[in-house]
Amino acid sequence: MKTIGDRKFISADEIKHTTRLGMGACRGKRCIKRLKTTLAPKGIQIVGDATPRGPLSNQVSMGELYPKDVPETYITGVNGKKARIEKIPVLIAGGGMAGSSLFRYMADAGLKPVLLNFGRGASWRNIAGGRTAFSLPEIAEIAEMNHKIFQDLHAYSNIDYRPINYVNFAHDEKTLKALEASMAWSDAFMIEPKDFQKEISPFMNPKLSTYIAAQITRGCWQATPGKTIDLLRKMGIAKGGTIKEDCELISIHKNGNGFVALVRDHDKSYVEYHADNFVNALGPTGEKYTRQLGIYTGIYPVKHQAFITRRLPWMGVNGDPLGMLIDRRNYKGFVAVYGQQLAETGQIIGCASPAVDPREADKNLKYNSQDFIEIASEVFSGWIPQLSSVGFQAVWAGYYVEPRMFIDTKHGLFTGLRGQGFMLSMGLAKMYVDELTGKPVPEYFKRLSLEGDGLPEKAFK
Ligand SMILES: Cc1cc2nc3c(=O)[nH]c(=O)nc-3n(C[C@H](O)[C@H](O)[C@H](O)COP(=O)(O)OP(=O)(O)OC[C@H]3O[C@@H](n4cnc5c(N)ncnc54)[C@H](O)[C@@H]3O)c2cc1C
């Protein structure tokens with residue numbers, strides 16, 4: 001402690017070592033704040049911050065970290081209360097679009113699946129679009145199969161399905177060529193800027209000079225994700241499946257030919273599921289659990305922001321809702337800005353893909369960067385100037401899982417669905433169950449396995 005004149009000063013670091021003050025050693029900022037208040041009336045001021053030491057000893061050896069063939073032990077109960085054990089044929093972990101689709105088809109096949117879900121992932125945060133416009137013919141084929149499933153589902157019960165057009169703007173020759181090539185396997189046509197008002201929306205900006213052409217793909221669609229998931233789950237339950245909502249997978253390990261999954265139930269009790277089959281459909285957190293089974297996929301979450309406007313009259317051609325419009329420029333930190341008008345409410349729902357994927361990957365879901373709102377406003381009001389006076393109803397974020405899909409019956413994987421999981425999950429789940437039950441699947445399905453290349457869509461992500 002220093003004394004200057006009649007004033008006394010003590011450094012935050014000194015506080016950690018002093019017991020004279022009768023407060024014990026203390027590092028936390030809150031403690032220091034409390035000390036400041038206590039000491040001020042005594043004429044003592046605290047200066048500077050605490051400077052905690054770097055750790056001088058780590059009580060862990062390399063062998064404990066790698067190789068890691070001994071699973072962690074979880075102590076689940078106090079007073080000797082043990083987790084109850086349930087034997088089941090199939091456990092699906094994760095109940096988003098992926099897990100719920102699998103649930104439906106597994107129940108259809110008589111597999112009596114149990115589906116666990118805890119929280120709400122990208123499946124409740126996406127912008128509800130389905131397209132057949134892909135630069136890979138195999139993905140376009142899977143998308144077409146999904147489109148049919150969406151139609152059938154809607155005929156069974158309302159999911160707000162509606163066919164729409166996808167409008168891909170070409171801002172340079174390279175994009176134009178990729179779009180032209182995809183027309184070999186898509187129901188699409190190309191238009192010039194002079195026809196934008198006639199073919200896209202009568203409200204399109206006549207002065208727009210950003211694009212050299214636009215490709216319009218028919219056979220695309222929208223539907224409400226929440227309604228779709230609920231319906232898939234209902235169908236699965238009707239065929240003998242069980243949903244365990246608000247139930248968290250804690251750990252998973254192999255036991256002979258089967259699996260042991262420790263699960264925290266919604267009443268905070270623990271259940272140990274002994275399952276013959278296990279599928280990881282956990283979205284962004286999938287990797288944590290595949291590693292517990294010794295599988296390394298290398299998937300990672302990428303934050304994607306989205307917005308929805310207030311209600312609007314339908315703004316497309318012939319008084320229809322506006323289709324999905326997509327700008328694929330690498331511009332101001334984003335590589336695509338896109339959005340469509342929801343027929344049910346007239347709201348425009350949109351999204352932007354960040355150019356530097358991992359940059360924002362670890363940010364909080366509630367965080368919405370100003371960059372995103374700015375680019376969305378610039379691009380959308382560039383297309384339709386009248387939109388500049390329309391308010392945002394909400395802005396939010398969710399996670400895409402990159403860099404590739406893993407759909408693999410041998411390893412129990414249904415993850416990595418990128419920006420296409422709402423539109424593709426049902427068809428992929430059907431193929432998964434077909435392969436599992438010995439039915440034929442397309443040749444390209446094996447490219448989605450751990451050993452395959454994941455059918456990587458690069459040009460039209
Ligand atoms: C802003 C945005 C817009 C998008 N737009 C589109 C679009 O227009 N069209 C399209 O096709 N795709 C779109 N996507 C992508 C699509 O939403 C995803 O590909 C899809 O939802 C992935 O589904 P999933 O079931 O794999 O993952 P998720 O939806 O994340 O489901 C995984 C589930 O597992 C749960 N979970 C996690 N950990 C545990 C645990 N330990 N125990 C139990 N449960 C757990 C999660 O809470 C979650 O409910 C968009 C995504 C975002 C973020």
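**Group meeting: a walk through one predicted chain**

Leaving out residues up to four places away in sequence, Arg447 touches Gly452, Asp453, Gly454 and Leu455. Arg447 sits in the segment after α11. Is Arg447 buried, exposed or partly exposed? Arg447 is partly exposed, because 18 other C-beta atoms lie within 10 Å, and a residue needs 20 or more to count as buried.

Now the overall picture. The chain has 461 residues, and 38% of them count as buried. It has 11 helices and 20 strands. If you take the contacts between residues at least 6 apart in sequence, 70% join residues at least 24 apart.

Next, the core. How many residues does the largest nonpolar core have? The number is 104, and the residues with the most contacts inside this core are Leu91, Ile92, Leu102, Leu116, Ala261 and Tyr432. Helix α11, residues 421-436, gives the largest share of this core, with 10 residues. At least three residues of the core come from domain 2 (85-158 + 223-299 + 404-461), and at least three from domain 3 (162-221 + 301-402). As general background, nonpolar side chains in soluble globular proteins tend to be buried together.

Take Leu102 as an example from that list. Not counting residues up to four places away in sequence, Leu102 touches Ile92, Val279, Ala281, Phe414, Ala429 and Tyr432.

Gly99 is in helix α4. This glycine counts as buried, because it has 30 C-beta neighbours inside 10 Å. With residues up to four places away again left out, Gly99 touches Ile92, Gly94, Leu115, Asn117 and Ala281. Look at Leu115 in the structure: Gly99 and Leu115 are 16 residues apart in sequence, and 7.3 Å apart in space from C-alpha to C-alpha.

Which residues are closest to the ligand? They are Gly96, Gly119, Gly121, Gly283 and Gly421, out of 40 residues that surround the ligand. The elements that each give two or more residues to this shell are α4 (97-108), β5 (113-117), β11 (248-255), β14 (300-309), β18 (392-402) and α11. Sorted by class, the shell has 19 nonpolar, 17 polar and 4 charged residues. Domain 2 and domain 3 each supply at least three residues of the shell.

Now a helix with two sides, α6, residues 173-182. Thr175, Leu179 and Ser182 are buried there. These three are on the same side of α6, because they cover an arc of only 60 degrees around the axis. The general rule behind this is that an α-helix has 3.6 residues a turn, so residues three or four places apart point the same way. What covers the buried residues of α6? The cover includes β7 (162-170) and β9 (213-222). On the other side of α6, Glu173, Lys174, Lys177 and Ala181 are exposed.

A strand residue next. Val260 lies in strand β12, residues 258-264. Val260 counts as partly exposed, because 18 C-beta neighbours are inside 10 Å. Apart from neighbours within four places in sequence, Val260 is in contact with His253, Asn255, Glu272 and His274. Val260 and Asp276 are 16 residues apart in sequence, and their C-alpha atoms are 9.0 Å apart in space.

Last, some backbone details. In general, most residues other than glycine have a negative phi, and most peptide bonds are trans. Ala128 has a positive phi, near 70 degrees. Ala128 is in the loop between β5 and β6 (129-130), and counts as buried because it has 20 C-beta neighbours inside 10 Å. Asn318 also has a positive phi, near 55 degrees. Asn318 is in the loop between β14 and β15 (324-327), but counts as exposed because it has 6 C-beta neighbours inside 10 Å.

Which peptide bond is cis? The bond from Glu402 to Pro403 is cis, with omega near 5 degrees. Pro403 is in the loop between β18 and β19 (406-408).

That is the end of my part.

Technical notes: Residues are numbered from 1 along each chain as its sequence is written. This is a predicted model: local features need pLDDT of at least 70, side-chain atom pairs count only at pLDDT 80 or more; totals for chains, interfaces and linings use all residues. A nonpolar core is a set of buried Ala, Val, Leu, Ile, Met, Phe, Trp, Tyr and Cys residues joined through C-beta atoms within 7 Å. A residue is buried if 20 or more other C-beta atoms lie within 10 Å of its own, exposed if 12 or fewer, and partly exposed in between; C-beta atoms are placed from the backbone. Helices (H or I, at least four residues) and strands (E, at least two) are DSSP runs, numbered from the N terminus. Domain bounds come from an automatic or database domain assignment. Two residues are in contact if their C-beta atoms, placed from the backbone, lie within 7 Å. A residue is near a molecule or strand if its C-beta atom, placed from the backbone, lies within 6 Å of it. Ala, Val, Leu, Ile, Met, Phe, Trp, Tyr, Cys and Pro count as nonpolar, Asp, Glu, Lys and Arg as charged, and the others, Gly among them, as polar. The arc is that of the directions from the helix axis to the C-beta atoms.
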